[in-house]
Number of protein chains: 2
Amino acid sequence: MIRVVIIGGGKVANHLIKAFLNASDVQLAQIYARNIKQIKEYEHQTELTDDLQKLKKADVYIISVSDDAIEKVSSNIIEQGLVVHTSGTVSLMSLKNKGRKGIFYLLQSFSKDKEVNFDEIPFCLEAENDKDLKLLEKLALTIGKKVYHISSEQRSYLHVAAVFVNNFTNHLYSVGNDICDKYNVPFEVLYPLIKETALKVESLSPKEAQTGPAVRNDKNTIKKHLSILNKNQQELYKTLTDSIINGKKL
Amino acid sequence: MIRVVIIGGGKVANHLIKAFLNASDVQLAQIYARNIKQIKEYEHQTELTDDLQKLKKADVYIISVSDDAIEKVSSNIIEQGLVVHTSGTVSLMSLKNKGRKGIFYLLQSFSKDKEVNFDEIPFCLEAENDKDLKLLEKLALTIGKKVYHISSEQRSYLHVAAVFVNNFTNHLYSVGNDICDKYNVPFEVLYPLIKETALKVESLSPKEAQTGPAVRNDKNTIKKHLSILNKNQQELYKTLTDSIINGKKL
């Protein structure tokens, strides 16, 4: 039985709390939140506190607060036990507790109200030694299935890659949406294509899956498309097309 | 009962043939292919030909050949009946048969071996009059569920939007893959994020769903990310970041 204390009342913390409350082999010993109202719904299921000096003994303390607050919160943890945070960008060294440190990063974009399928979420784990890494792995497997050992350095690269496949991709959806709105085409016509494109990466590498006028270097179509777009969209279209063409040459 | 002749032996044609053979209220009267070997597997299910002069009588002729061949193939159809093509980019006026014309465009990226769920595919239909549009709608509903009336003009805009949400998005996956490969991070860690980002458009507009350093104008993170990337990737990162920041101002 792994004893866990969760520190934080935000989105990720809430998803973790719910998952651990339903898991076997884990005892959620306590939840901390600066504003205790955020976690009030759990008052009958575990102990709550808004005082970091009153943390209970645990095997693992999971800090799931905003990136900026991790240093300060961790410096206030005086209890023994492994202290980890859930951030994708903050390094292990930013944890300022005196004892053992680690990372328990769930690589997913969480929505507040949408239920999360933990079986599909990659747990990116890091610790200072094998024993702690094994502990985090065991803990992750009580609620999830996909476990990866990712160093702080690798995590920083992963974060950049995530900006491309998540933030920038979403922006391209937004441009597609704008074009549809402007010309009175329902954007929903594109939903199945968006879904299919995303699912395809799991069976075919994106380089092999690349189609369209850029990879064919179909200059007529490219010219026709550019004539339809506004200046901002043209800029994007050109840069992405050039990048596809350059990528082909490599 | 709608009598259909399919002209073509490529990916889209094959998916349509299989669907119509399984549909009720449709009689697949004949299949034409220039190279009859492409359609030989259907020889016991319907009539095959490689001669456009020997097309049988039908209510609808579906031309599913390469874009460049549509004009020539359609000019050879002398039979009465509604002649449609399945291209996303060729206009209705490119059909050169003497009689009635229309479009039967399936907006999806088809893979040869992967089975297609026609219930999810948007059928983008166009015809010269209401009666023919109704006929195409009836035909589409024998194998699918989602029917849209899309003019040739709207189709050209839809195609540009599709380049953004499909071709360009796939290229961003490719960049993410390159970054992961370079730093020995398994790209599969990002699959769930890619999937979640794509599915989210159906419940939240992409503009509202936008997250990340660009929309927060988080200059420190942006600078850190740029320092990791190669020149081509930097170019993309900057252009996409600027576009997100500009979009926020509008």
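User: In this predicted model, why is A:C180 called buried?

Analyst: The relative accessibility of A:C180 is 1%, and buried means under 20%. A:C180 therefore counts as buried.

User: How many disulfides does the structure hold over all chains?

Analyst: The count over all chains is 0. A:C124 is likewise in no disulfide, its nearest cysteine sulfur being that of B:C180, 10 Å away. A:C124 has 1% relative accessibility and so counts as buried.

User: What makes the pair of A:Y237 and B:F168 one of the aromatic pairs, and why is it called edge-to-face?

Analyst: The structure holds 14 aromatic pairs over all chains. For A:Y237 and B:F168, the centres are 5.1 Å apart and the planes make an angle of 75°. Ring centres must lie within 6.5 Å to pair, and planes over 60 degrees apart count as edge-to-face; the pair is therefore an edge-to-face one.

User: Why can this pair be said to join two chains?

Analyst: A:Y237 belongs to helix α9 of chain A (residues 231–249), whereas B:F168 belongs to helix α4 of chain B (residues 152–182), so the pair joins two chains. A:Y237 counts as buried at 1% relative accessibility, and B:F168 is buried with a relative accessible area of 1%.

User: Which residues have the most contacts inside the largest nonpolar core?

Analyst: The largest nonpolar core has 78 residues, and those with the most contacts inside it are A:L158, A:F164, A:L190, B:L158, B:F164 and B:L190. Leaving aside neighbours within four places in sequence, A:F164 is in contact with residues including A:T169, B:L172, B:V175, B:I179 and B:Y237.

User: Why can the copies be said to meet through the same surface?

Analyst: Of the interface residues of chain A, 100% are also interface residues in chain B, so the copies meet through the same surface.

Methods:
Residues numbered from 1 in each chain as written. Chains lettered and ligands numbered in written order. Predicted model: local features only at pLDDT ≥ 70, side-chain atom pairs only at ≥ 80, totals over all residues. Heavy atoms only, no water. Core = buried A, V, L, I, M, F, W, Y, C linked by side-chain atoms within 4.5 Å. Buried < 20%, exposed > 50% of the residue type's maximum accessible area, 1.4 Å probe, protein only. Contact = heavy atoms within 4.5 Å. Disulfide = S-S within 2.5 Å. Phe/Tyr/Trp six-rings, centres within 6.5 Å; stacked < 30°, edge-to-face > 60°. Helix = DSSP H or I, 4+ residues; strand = E, 2+ residues; numbered from the N terminus.
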